[in-house]
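Good morning, and thank you for coming. Please look at the sequence and the model as I speak.

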Amino acid sequence: MEERDTSTGRTTVLRDSVGVGLATAAYGISFGALSVAAGLDVWQTCFLSLVMFTGGSQFALVGVLASGGLAAGGSAIATAALLGIRNVVYGMRMKPLVDRGGLAQRIAAAWITIDESTAVALAQTDDRAARRGFWLTGTVIFVGWNLTTLAGALIGDALGDTRAWGLDAAAAAAFLGLLWPRLKRFQAGAVAVAAALVATLTTPVLMPGLPVLVAALVAVVVGWFDLFSRRSAS
């Protein structure tokens, strides 16, 4: 019976990790094409996915660059960095589970600590399955994301002006796809609405890139003080 439970647990982790990994990696095609459209070349795009490796921050970076060009570079970097802060929180949560090796393993764990690897790990019923889910999900996404980024960059480079094909809207669509599953809780939905409202109101008066940064700060403030969560619990 114990062997059967172990086998079932492994199958569940494998299914979750591969399913989430492949679905997430598919977004890399959009990112690659959009990054080229924003002014980066193929190799700069691939380097960005290899080093940054966090989809939300990457889409935010190229989205701001696409709207404001090089003049929005500072805002683009600040926005991407602000969105990437969440990975620090994930790292604090995952450290007790995955910090079991040497320096190389710790660096690898930090590299693949993202939304999806953390979510799959925390969905498991025991620490061993959680570690397996974390490493498998992170590895599948890392390999898949970088391959699809290259494919998307090559496609975007071959197409030329990606706006003629409607790919300029893919960043918002892909980012919404990443965000949508996280809007099930009241606080997340309220933050999304508030941030969208702030970005809409500030867009006419601020330089390109800054509205996104201001909206992100609104989300950070709400999350820091846990405002809507407290209201819904009372």
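Is Phe-134 buried or exposed? Phe-134 counts as buried because its relative accessibility is 0%; buried means under 20% relative accessible area, exposed over 50%, and partly exposed in between, with a 1.4 Å probe and protein chains only.

A word on the basis: this is a predicted model, where local features need pLDDT of at least 70 and side-chain atom pairs count only at pLDDT 80 or more, while totals for chains, interfaces and linings use all residues. Residues are numbered from 1 along each chain as its sequence is written, and side-chain values use heavy atoms, with hydrogens and water left out.

I turn to the aromatic rings. Rings of Phe, Tyr and Trp (its six-membered ring) pair if their centres lie within 6.5 Å; planes under 30 degrees apart count as stacked, over 60 as edge-to-face and the rest as tilted. By this rule there are three aromatic pairs. One of them is stacked: Phe-31 and Trp-145, at 6.2 Å centre to centre with 25 degrees between the planes. This pair links distant parts of the chain, with Phe-31 in helix H2 (residues 27–37) and Trp-145 in helix H9 (residues 127–159), 114 residues apart. Helices are DSSP runs of H or I, at least four residues, numbered from the N terminus. Both Phe-31 and Trp-145 are buried.

Phe-134 pairs with Trp-135 in an edge-to-face arrangement, 5.4 Å centre to centre and 85 degrees between the planes. Trp-135 is partly exposed because its relative accessible area is 24%.

Finally, consider Phe-47 in helix H3. Phe-47 counts as exposed because its relative accessibility is 54%.

Methods: Helix = DSSP H or I, 4+ residues; strand = E, 2+ residues; numbered from the N terminus.
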